[in-house]
Amino acid sequence: MESEPLLTGSINYGSQANNNEGSPRTKRLSYSVYPERCCIEGDDEGLYLQQAVVFIEDAIQYRSINHRVDRSSIRLYRWYYSRIWQWGLGLTIAVVLMLAFIERPSSLSYTSDPRFRIPPWELPCGLTEGIEMVCLIVFAIDFATKSYLIGWEEFRKCLWLIFYIVVISASVIDWTLTLSMECDESLRVRRLIRPFFLLQNSSLMKKTLKCIKRTLPEIASVFLLLALHLCLFTMIGMLLFAKGEDPAHNGEWQSYFRDLPTSLSSLLVLLTTANNPDVMIPAYSVNRGYSIFFILFSGFGTYFLMNLLTAIIYNQFRGYLLMSIQASILRRRLGIRAAFEVLSCQGRDKDGSDLEKHLERVRVDATLQVMTKVQMKSYCRQAIIKKVQQFTDGYIQWVHFRRLFDELDKDPVKEHPPKPEYRSRTLQRLQVVFSHHYVTILGNAVALANVMCICTILMLDSEKSVGVRDDYYMEVINCFFTLYYLMEMILKIVAFGCRGYLSYRNNIFDGLLTVCLMVVQISIFATYSFPHPNWNPVSRGLLSLWEMVRLVNMLIVFRFLRIIPDIKLMALVASTLVDLVKNLRAFAGILLVVFYVFAVLGIWLFQGAITAPGKMSEITNSSMENITINFTMECGSYEQLGYWPNNFDDFASSLVLLYNIMVVNNWQVFMDAYSRYTTEWSKVYFVSWWLTSSVMWVNLFVALILENFIYKWDRSVTCPVEDVEWTGYESTVQLMFREHIQEPTEEELLSQLHQHPHLHLI
């Protein structure tokens with residue numbers, strides 16, 4: 001679960017940042033030198049340590065420190081950000097979002113095709129409502145806890161929390177109306193606002209949403225140019241392809257330029273290349289010169305304006321995201337500085353006699369106590385503790401204290417266990433041979449040969465049915481290669497030792513699949529005996545012989561992925577994909593929110609709009625001819641292509657339909673169908689979804705992939721191939737932009753601490 005700061009607004013730098021020119025060094029602000037004002041409620045060492053622990057945890061997670069810091073509030077604060085509560089809150093959000101699948105209209109049917117679909121199973125009234133009320137109670141507790149921890153003054157500044165209580169209240173009111181109407185209402189407003197619970201629980205989603213909002217004005221000019229381009233060519237097209245006297249030459253007018261809405265939609269779809277070259281064929285068949293019109297339109301619009309839009313989105317969004325990450329870095333430095341301040345307060349005498357002595361340093365033993373209580377990655381804690389123990393004089397200056405936490409930005413260096421030492425000369429020679437990198441290369445070559453054998457046999461038997469296949473040769477080949485894989489695994493374990501073998505992720509993947517292959521092979525022998533010519537026994541147990549052989553082949557093909565770490569560029573691409581899954585959850589989360597909102601809107605607008613000609617289960621042979629006669633279908637239409645399962649009749653089918661439109665292949669078919677079955681204004685919905693998903697979000701995702709890949713490529717230039725497999729590149733969003741971030745000054749940090757509503761260090 002992503003940690004979220006209680007306050008996600010931008011942090012203003014202190015006014016001193018602009019007035020420190022000419023100062024020889026960064027100086028400590030004067031308001032922090034009064035010992036009697038260094039005290040915080042409950043002035044004792046235990047409280048100081050707890051406050052330092054919380055501030056460091058805030059720094060690690062880029063959280064705001066503007067929360068209560070008394071003893072009871074700290075306990076509540078740490079409980080709120082504990083793994084149990086955060087996972088519980090995440091589960092609650094998932095449950096309340098998943099309710100859309102089982103609420104009316106229910107998605108609990110085998111198919112979404114209206115020709116085959118039977119009435120879906122619907123839960124009794126009150127069951128989903130009861131689950132939803134439990135979720136709303138959890139959200140209310142979450143809101144109350146956040147509001148208490150930050151205090152009233154900060155609550156009034158936080159729009160997200162204000163909207164949080166508004167959304168909860170609106171959901172409760174709509175929930176009450178649902179029960180009063182016995183779950184028979186046609187419109188559930190709370191469905192549309194449920195994604196807010198997902199947004200408000202993720203700081204990165206809020207940052208991303210804010211960056212997108214700031215990016216919109218910059219890309220509006222390109223959208224305007226795109227609209228002008230579309231309108232201009234629409235006018236020219238309507239003039240070029242006006243209705244003439246010869247009906248044989250009116251094909252273009254009849255199909256694509258009959259009126260203004262049709263002309264606009266035809267060229268808009270051409271902008272996505274979804275109807276190319278269909279849209280130009282009627283005119284092109286009359287005169288080849290008409291192709292110039294379509295080439296100019298798509299060439300300038302698709303290949304220039306759309307790519308320019310991608311560049312602008314990348315540049316502008318990257319700039320705003322960099323600003324947001326700058327604020328996150330400030331939060332980290334501010335948390336570390338706050339921890340230092342409270343620890344330095346702990347080291348001062350009550351009467352202030354030791355003020356100057358302890359002003360800029362903290363005790364080593366107190367720092368060690370704090371680090372043992374902080375929730376953080378174990379390798380970071382060990383590295384920091386090791387550095388702290390190097391200060392033999394008993395105190396740590398601020399400069400060194402700040403540098404301790406540079407370990408948070410470093411990658412973990414994985415050290416492999418030492419190889420076992422053998423006395424036997426034979427085992428020593430085996431260890432030297434099978435610990436060499438060439439053995440891995442040989443294993444990759446054998447895996448490639450295995451895959452090629454499987455491909456050859458599949459090509460030879462592609463026309464044969466399962467009943468006439470002879471699985472003898474396939475099984476003999478599989479047995480041979482499986483025994484080799486087992487031997488390779490055992491010898492590598494001998495060479496590296498069990499712990500050393502498992503310290504390589506590639507070996508874990510390889511060994512797990514080898515064990516699975518052995519289990520399946522033993523199951524085949526136990527069920528169908530050993531292979532022999534014309535081996536085609538009667539099916540026994542859960543799987544037939546052919547199904548078990550297919551399972552073995554799939555495991556072998558999947559095992560071939562072991563070559564990825566040994567090819568540097570391929571390993572880099574694969575690790576980029578893994579990092580995208582881990583670190584770009586915020587962007588995927590906002591895309592999920594957009595999918596959710598548009599799916600709910602689609603159900604409201606188009607549920608049941610398209611009706612099938614008749615359920616196939618009710619059609620008999622005698623009536624099939626009549627249905628064919630009475631129901632004519634235009635070539636390339638929704639009906640002729642059999643797109644019946646793509647509809648807005650339930651939530652699951654709505655998501656699939658929106659995905660198909662986002663891909664833009666044949667998306668004009670859906671737009672045309674719903675405009676025919678409902679109204680021409682339905683095109684506004686589909687064009688809005690195309691702009692949001694395909695134009696805005698896909699371009700943004702491409703830009704972030706580029707940023708992630710460039711970052712990893714730059715870091716891997718000096719990395720040898722054999723190190724790629726175990727080198728951990730922690731390319732978080734913050735680290736991707738780390739080199740472009742400016743460190744905050746001392747004045748900025750102390751100014752922010754001075755503005756803290758609950759921490760009085762003045």
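These questions and answers cover a disulfide, some cysteines and a surface patch in a predicted model.

Me: How many disulfides are there?
Reply: A disulfide needs two cysteine sulfur atoms within 2.5 Å. Cys 125 and Cys 183 are joined this way, with S to S at 1.9 Å. The count comes to 1 disulfide.

Me: How many residues apart in sequence are the parts that Cys 125 and Cys 183 tie together?
Reply: The link of Cys 125 and Cys 183 is right-handed, with 70 degrees about the S-S bond. Cys 125 lies in the loop between H3 and H4. Cys 183 lies in the loop between helix H5 (159-180) and helix H6 (189-193). So the pair ties together parts that are 58 residues apart.

Me: Is Cys 183 buried or exposed?
Reply: Buried means under 20% relative accessible area. Cys 183 has 3%.

Me: Is Cys 479 buried or exposed?
Reply: The cut-off for buried is under 20% relative accessible area. Cys 135 has 5% and counts as buried. Cys 479 has 16%, so Cys 479 counts as buried.

Me: Which helices each supply at least two residues of the nonpolar patch?
Reply: The patch is on the surface and is formed by Leu 91, Val 95, Leu 127 and Ile 131. Together they have about 320 Å² of accessible area. Ile 131 is found in helix H4 and is partly exposed at 34% relative accessibility. The helices are H3 (83-102) and H4 (127-157).

Methods:
Residues are numbered from 1 along each chain as its sequence is written. This is a predicted model: local features need pLDDT of at least 70, side-chain atom pairs count only at pLDDT 80 or more; totals for chains, interfaces and linings use all residues. Side-chain values use heavy atoms; hydrogens and water are left out. Patches are made of residues with over 30% relative accessible area and no salt bridge: like charges are joined within 9 Å, nonpolar side chains (Val, Leu, Ile, Met, Phe, Trp, Tyr) within 5 Å. Accessible areas come from the Shrake-Rupley method with a 1.4 Å probe; for residues, only the protein chains shown count as cover. A salt bridge is a side-chain nitrogen of Lys or Arg within 4 Å of a carboxyl oxygen of Asp or Glu. Helices (H or I, at least four residues) and strands (E, at least two) are DSSP runs, numbered from the N terminus. Buried means under 20% relative accessible area, exposed over 50%, partly exposed in between (1.4 Å probe, protein chains only).
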